[in-house]
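Me: I would like to go through this model with you. Could we begin with the strands and then turn to the metal site?

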Amino acid sequence: MMPGPYLETRMYRRIKPATAGQAKPDAVAVFLTAKTKTPPAGLPQTDEVKALLARATTSLDAGKVHPLYHGKAKPGLTLVVGLGDKAKLSADTLRQAAAAALRALDTAKAKSVQLVTDALPAKLANETAGNALADGMTLANFTFDAYHGRTKRPDKPSKPIDLSVQLPAAELRGFKRGLKVAEGSDTARTLACTPPNVANPKYVANYCKNLAKKSGLKCSVIDQTKAKQLGMGGLLAVGAGGSTPPCMVILEWAPAGTAKDAPVLLVGKGVTFDTGGYSLKPDGGKGMKYDKCGAMNVIGAMQAIANLKLKRRVVGIVGLAENMIDTHAYRVDDIITFGNGVTCEITNTDAEGRLVLADCLAYGTKTYKPAAVVDYATLTGGVVVALGKKIAGVWCNDTKLLRALEKAGETAGEPVWQLPLNDDYRKMMQAKHADLHNSAPVREAHPIQGAAFLSYFVGTDAPKNMPTTPWAHVDIAGTSNTDGCTLMEKGPTGFGVRLTVELIAGM
Ligand code: BES
Ligand code: ZN
Ligand code: ZN
């Protein structure tokens, strides 16, 4: 089966926002915290409901859904969706509850629903709540079945059914915002799922050109020839053995009046497949189609930023390369030179992401003189060991940027945790026959080694000391995909899209 040139996001339901009370919905979903005494408006005063509320302490656990059916009259279905303990209530609880509600509504084949939230604390009221509800519903709504063939999908792919969601006006505003951001997350997740025999550097670059036309972004591509002229030895080395040549894609959002502003620069690692190269991964790289997630999430974030028409100039640069074995592939012992003149001895072809990012960071900071730089990369297995799959590692040379990222991460439900970087770690990356090596001869501090390596590239020239551009490196190797959780099915998470939107919106 050959899918179209660019895969569309598949979803269980096409979520449409509507104002509450417009029409009688098929279902009502009432979000309740435990120990709720009086049923809020929208919840029928039946014995079943009273019994449920009496058991409220245990049965209104966060994300637990109780369907109550009332026959044919509309609304025929009431979902009581647990929010758990009121004192512990957070935006994340709302997201998880909304995700559970979406699944129940899908199973019940409801085409319209009214969402009712119990009295929420002020920090979670109205727009914030609406946004979180949209996050949860859209995250659970995503699926990837473009390659389900004869056995899994014998008929024509079915069109997703509309689900009209009614909310009061203030919540609805937040809900609509959430839906706009979700388009970016969906793009990131669809691209991430797209297999490496389709989503190679050329495919992703073409996807970006197409996306830019649709969403009001500017798009330019530094192809292999141009990259050679610019001396981008890192990008070129990693992609030398790939099935299509490596390239760099630049997406720019510059709303009226911001063309001369110093932009925020986003950088993403887009290794469309990571075999490890000649330092071959023992399992051949199963799952390494997700090694492009940093880049896909930057692409998704750019789409979301344009969708929201944020009043800030933002430049997104993604480095795209396929790390393969081939006659032209780079080797261990090679010495390469980056666009900023820094040289590097290759000690491990599997530490390739930093080589791609190095050229993106050096080119991006020199060309755009950004006010701040944030890079996203599935850089090291070590960060997964250190922090697991829910929190990303962050290194940052600027306290203000770090605090802003931490806050944005909390708000968006995509949290980051700071890890250290100093001159001792930076020295670990210095080599005898070149300025740097891409992996130190010792295994210790692997995730920090990655950050230390990158710190030689965020500035106009190869900086001798810590770079002066406010810069954060976010290692999303753990958070970029999930084995399946309350919010999402197994696969990529889009981690970084919502975080970036919050960061830029708050600047
Ligand atoms: N893409 C991997 C990192 C990775 C590992 C992402 C697991 C997601 C899950 C990266 O290119 C890599 O192979 N890193 C090496 C670095 C080492 C060779 C210095 C690693 O983490 O082992
Ligand atoms: Zn690798
Ligand atoms: Zn990699």
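Me: How many bridges join strand β10 to β12, and do they run parallel or antiparallel?
Reply: In this predicted model, β10 (residues 247-253) and β12 are joined by 7 bridges and run antiparallel. Within that pairing, I250 has I317 of β12 as its bridge partner.

Me: And β11, how does that run relative to β12?
Reply: Strand β11 (residues 264-274) runs parallel to β12, with 10 bridges joining them. K269 stands opposite G319 in β12.

Me: Is β12 mostly covered or uncovered?
Reply: Strand β12 (residues 314-323) is mostly covered, as 10 of its 10 residues are buried. V314, G316, V318, L320 and E322 point one way, while V315, I317, G319, A321 and N323 point the other way.

Me: Switching to the metal: which residues coordinate the zinc ion (ligand 3)?
Reply: The donors come from K269 (NZ), D274 (OD), D291 (OD) and E352 (OE), at 2.0 to 2.5 Å. Their spacing in sequence is K-x4-D-x16-D-x60-E.

Me: Why is the arrangement octahedral?
Reply: The arrangement around the zinc ion (ligand 3) is octahedral because its 6 donor atoms subtend angles of 76 to 175°. For six octahedral donors, the ideal angles are 90 or 180 degrees.

Me: What does D274 bridge?
Reply: D274 bridges the zinc ion (ligand 3) and the zinc ion (ligand 2), which lie 3.2 Å apart.

Me: Are K269 and D274 buried or exposed?
Reply: K269 is buried, with a relative accessible area of 2%, and D274 is buried at 3%.

Conventions
Residues numbered from 1 in each chain as written. Chains lettered and ligands numbered in written order. Predicted model: local features only at pLDDT ≥ 70, side-chain atom pairs only at ≥ 80, totals over all residues. Heavy atoms only, no water. Buried < 20%, exposed > 50% of the residue type's maximum accessible area, 1.4 Å probe, protein only. Helix = DSSP H or I, 4+ residues; strand = E, 2+ residues; numbered from the N terminus. Pairing = 2+ DSSP bridges. Donors = N, O, S within 2.8 Å, 3.2 Å for Na, K, Ca; no water. Tetrahedral: all angles 85-135°; square planar, octahedral: opposite > 155°, others 65-115°.
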